[in-house]
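Visitor: Please put the model up, and then I will ask about it piece by piece.

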Amino acid sequence: MNQGETKKLKSRPLWSIYGEKAIEILIKVSGISAIIFVFAIFFFIFREAFPVLSSPNFNLKEFLFSSQWYPTSAVNVRYGTFALTIGTFSVTALAMVIAVPFGIGAAIFISEFCGKRLKETLKITIELLAAIPSVVWGFIGLTIMSKLITQFTGAPVGVNVLNGGIILALMSLPIIVSIGEDALKAVPDTYREASIALGATRWQMVRRVLLPAAKNGLLAAVLLGIGRAVGETMAVLMATGHAVHIPHGLLDSVRTLTANIAAELGEAPERSEHYQVLFLTGVLLFCITFVINITADFVIRGIKRKQ
Amino acid sequence: MGAKVKIEVRNLRLSYEHKEVIHGISFDVYENEILAVIGPAQSGKTSLLRCINRTIDFIPNAFVSGSIKIDGEDVLKTKDVYSLRRKIGMVSPLPVGLPLSIYDNVAFAPRCAGVSNKNELDNVVENCLKRAALWDEVKDRLDSLGTKLSGGQQQRLTIARALSHSPDVLCLDEFSIAIDPVTTMKIEDMLKEIRSQMTIILVTNLVQQARRIADRTMFLWNGEIVEIDSNEVIFSERTKNKKTYEYVQGIFG
């Protein structure tokens, strides 16, 4: 009987061997496809934008550092996106100033301090928050938030940096909370027990042990939040006022890179210079997120090397 | 024996969910003695330690009754758990190096208790690492991560950490599982030395370890005390219970 079994093992059917090979290749392809997609996206956006680089009306320095955006002007065409870039950065920065402390705080509360029942309720609610479509957020910004802002600050227009920042903060909160909570949950319980046994209070345990132990994950949570804020289009289009203008305060209206593309691409004739410049704005946006991700990667690696 | 009673355990019962694991045990621990607790797995040794420093609170559905008094104060009813836990040093079987530097690991408890003077902390760290026989190996790299040390070094680090808040009671839960015999002997010698300053409860699977360093030994079996007596009795043929004799001599178990 023993011999029979070994024989069985040896005569493994051919289809099984090739099947395994095929699955291996399939998995390899799906892994590599991510890289292919990223490069393909970059390539096609850049191909649409490329012709404008040689146009007499276009100047790369002006494109990056001028705040004059007159793409449809008949006599004085200007393609300066600086105000848009500043718009994106100001709204994102404000959003992070609001969302990071709240998000990390909520993550700590959910994972360490609250009871089981409340925890479940909070998690479900936060997931619900993540499921609200961005256009609904924009609608809230346009109607409710803008009214509140004009009422409380006396600003002439309610759709401005403050409005967009708050809306974006609310939109990136769920990501920060849920990923931050996962990061804290991944810290082994033995750390908690050991620090508690040493006489630490819960807060001391969180501050001295959990936060250092979970800092990679928490950083990742924050960066994903930033990614969401930079990339968000519809909500900021509706909530920031859509004025091409370098803001001087929280109550100034701005326009972001994303909102600009969304609003103007439909009206720009295909293959026109305007159309191509909008694609170039897309390339710029792509570069910004790329730089953020790379920096994040380096920061995380730096932290890891220290450990 | 005439010594002062440090810890007085009376009718301690512990159950997880509905399963009782400690069935009403009572015993005393005298000041400045080493009490060894031996017994097979599942006999409630670790649970007993958890009750003493109240980390049992963190296990859902654990229910404790009876009383544990340290210096007359009931542990199970105390309001200030944190100062209670500072009175007790705890060393777990597998070393738990907190993800901090070696220095910060040892300075953790004093800092939590509010010490921030650098000199004072330096002293505590050096002192405790020396006592745990680790100082010579790590004195040049106190800033590197505690979790990067080898298993045995990490265990000594946790012992240094347990000593860092100069506890009255030191509980060791099978501390020698992850360390080599030579280091084990070093630590055993250290325990004998610091006995004059604190009371030590040593949970161990190694009967010979209990024999080497304990003053008295308690034999736990399925959540009940089979016998507790001085080592001269436990490790002789005069044990009151035949089971103890057989367990200690390695005839069964």
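This is a predicted model: local features need pLDDT of at least 70, side-chain atom pairs count only at pLDDT 80 or more; totals for chains, interfaces and linings use all residues.

Visitor: At which residue does helix H6 of chain A bend?
Guide: Helix H6 of chain A covers residues 134-153.

Visitor: Is A:Met145 buried or exposed?
Guide: Several residues of H6(A) share one burial class, among them A:Trp137, A:Gly138 and A:Gly141. The set also includes A:Ser146 and A:Ile149. A:Met145 belongs to it as well, and the class is buried.

Visitor: What covers the buried residues of H6(A)?
Guide: The cover comes in part from helices of chain A. It includes helix H7 (161-185) and helix H11 (234-239).

Visitor: Which residue follows H6(A), and what is its phi?
Guide: The helix is followed by A:Gly154. The phi of A:Gly154 is positive, with a value near 75°.

Visitor: Which residues have the most contacts inside the largest nonpolar core?
Guide: The largest nonpolar core has 125 residues. H7(A) gives the most to this core, with 15 residues. Those with the most contacts inside the core are A:Ile176, B:Val37, B:Ile201 and B:Leu202.

Visitor: Which residues does B:Val37 contact, leaving aside neighbours within four places in sequence?
Guide: Contact here is judged on C-beta atoms within 7 Å. By that cut-off the partners of B:Val37 include B:Lys45, B:Leu48, B:Met218 and B:Leu220.

Visitor: How many residues does each chain bring to the contact between chain A and chain B, and how is the side of chain B made up by class?
Guide: The contact takes 17 residues from chain A and 18 residues from chain B. On the side of chain B, helix H2 (81-87) and helix H3 (102-112) each supply at least two residues. By class, that side has 12 nonpolar, three polar and three charged residues.

Visitor: How many residues of strand E7 of chain B are buried?
Guide: Strand E7 of chain B spans residues 169-173. One side carries B:Val169, B:Cys171 and B:Asp173, the other B:Leu170 and B:Leu172, and all are buried. The count for E7(B) is therefore five of its five residues, under the cut-off of 20 or more other C-beta atoms within 10 Å.

Visitor: Which strand is joined to E7(B) by four bridges, and which by five?
Guide: Strand E6 (residues 88-91) of chain B runs parallel to E7(B) and is joined to it by four bridges; one of the pairs is B:Val91 with B:Leu172. Strand E8 (residues 199-203) of chain B also runs parallel to E7(B), with five bridges, and there B:Cys171 has B:Ile201 as its bridge partner. The names are E6(B) for four bridges and E8(B) for five.

Visitor: What is the hand of the β-α-β unit that E7(B) and E8(B) make with helix H7 of chain B?
Guide: The helix in this unit, H7 of chain B, covers residues 181-194. Together with E7(B) and E8(B) it makes a unit that is right-handed.

Visitor: Which are the edge strands of the open sheet of four strands in chain B?
Guide: The order in this sheet is E2-E1-E4-E5, with antiparallel pairing. Strand E4 (residues 62-70) is joined to E5(B) by two bridges, and B:Ile70 has B:Glu73 as its bridge partner. The strands that pair on one side only are E2 (19-30) and E5 (73-74) of chain B.

Visitor: What is the phi of B:Asn61?
Guide: B:Asn61 lies in the loop between helix H1 (45-52) and E4 of chain B. B:Asn61 counts as exposed because it has 9 C-beta neighbours inside 10 Å, and the cut-off for exposed is 12 or fewer. Although B:Asn61 is not a glycine, its phi is positive, about 70°.

Visitor: How far is the C-alpha atom of A:Arg271 from that of A:Ala49?
Guide: A:Arg271 is in the loop between helix H12 (257-265) and helix H13 (273-306) of chain A. A:Arg271 is exposed, with 10 other C-beta atoms within 10 Å. A:Arg271 and A:Ala49 are 222 residues apart along the chain, and their C-alpha atoms are separated by 8.9 Å.

Note on methods: Residues are numbered from 1 along each chain as its sequence is written. Chains are lettered from A and ligands numbered from 1 in the order in which they are written. The bend at a residue is the angle between axes fitted to the seven residues ending there and the seven starting there. Two residues are in contact if their C-beta atoms, placed from the backbone, lie within 7 Å. Ala, Val, Leu, Ile, Met, Phe, Trp, Tyr, Cys and Pro count as nonpolar, Asp, Glu, Lys and Arg as charged, and the others, Gly among them, as polar. A nonpolar core is a set of buried Ala, Val, Leu, Ile, Met, Phe, Trp, Tyr and Cys residues joined through C-beta atoms within 7 Å. Two strands pair if DSSP finds at least two bridges between them. A crossover is right-handed if, with the strands pointing away from the viewer, the path from the first strand over the helix to the second runs clockwise.
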